[in-house]
Amino acid sequence: MNFFSELCNRVIYLAVILLIAAGLFNILPASYSWNAQQIANEWNGELRVKLPEKIEIYPLNTKGWLVQQAQCGDFFFDMHSKELKGMEKNDFLTEEPPKRLMETFQQYQLENVTLKDQKRETIHNVGVRHYSFTGEKQGKDYEMEVITTPRHDMLVMTYIYHAGSKKAKDEVEESISSLEFVERDK
């Protein structure tokens, strides 16, 4: 085989490998590169969720709630946490959306908020209440998915995205489904 044939074969081989690699990166979901982030710390482990961006603490403590946020490309993530005692926890497991959640919607100037669905579910052994809402802000339609879970701290995780965005909805569902409790090594 001459030098020119060998060079052509290697170039073709390299091109095929590059095309396959490019195809794989387009096929893999965006969440493939997301990092699991600790959202609650308990004596026996920690609660984690995957997000594409690092969660930042909101500079103000609002009514005793710690607020953390992340702008995640096609959706916005907002989490409120607070240690709750006794019966307060039951307020976050009812079919009625918690007052704290409605205050959050007002803070983000969401109007005409309507509850579409709510259900109890378990995600990787974590019991949650999942609420789905629609609303408007400055004439644009939005969807909101909210997960509440009463653990040591009460957590209210809110995902906000443009209504009808399949990419954002898929990413939000992927993040929600990544919720897990990881036990500490004993």
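Two strands are taken as paired if DSSP finds at least two bridges between them. Helices (H or I, at least four residues) and strands (E, at least two) are DSSP runs, numbered from the N terminus. The structure described here is a predicted model, in which local features need pLDDT of at least 70 and side-chain atom pairs count only at pLDDT 80 or more, while totals for chains, interfaces and linings use all residues. Residues are numbered from 1 along each chain as its sequence is written, and side-chain values use heavy atoms, with hydrogens and water left out.

Strand E6 (residues 111–123) and E7 run antiparallel and are joined by 10 bridges. Within this pairing, Leu115 faces Phe133 of E7. The hairpin of E6 and E7 has 2 residues between the strands, and His124 there adopts a positive phi near 45 degrees. On to the next pairing: E7 and strand E8 (residues 140–150) are also antiparallel, with 9 bridges between them. Here Arg129 sits opposite Thr148 in E8. The hairpin of E7 and E8 has 2 residues between the strands, and Gln138 takes a positive phi near 50 degrees.

Attention now turns to the interior. A nonpolar core is a set of buried Ala, Val, Leu, Ile, Met, Phe, Trp, Tyr and Cys residues joined through side-chain atoms within 4.5 Å; buried means under 20% relative accessible area, exposed over 50%, and partly exposed in between (1.4 Å probe, protein chains only). The largest such core holds 24 residues, and those touching the most other members are Leu47, Leu51, Phe75, Phe77, Met157, Tyr159 and Leu179. Two or more residues each come from strands E2 (45–51), E4 (66–72), E5 (75–83), E7 (126–137) and E9 (153–162) and from helix H3 (166–177). E9 supplies the largest share, 4 residues. Another core of 15 residues lies apart from this one, and includes Phe76, Phe105, Tyr131 and Val156.

Aromatic contacts come next. Rings of Phe, Tyr and Trp (its six-membered ring) pair if their centres lie within 6.5 Å, with planes under 30 degrees apart counted as stacked, over 60 as edge-to-face and the rest as tilted. There are 5 aromatic pairs in the structure. One of them, between Phe75 and Tyr159, is tilted, at 5.7 Å centre to centre and 50 degrees between the planes. This pair links distant parts of the chain, since Phe75 is in strand E5 and Tyr159 in strand E9, 84 residues apart. Phe75 is buried, at 1% relative accessibility, and Tyr159 is buried, at 1%. Phe77 and Tyr159 form an edge-to-face pair, because their ring centres are 5.1 Å apart and their planes lie at 65 degrees. With Phe77 in strand E5 and Tyr159 in strand E9, this pair ties together parts that are 82 residues apart in sequence. Phe77 is buried as well, at 0% relative accessibility.
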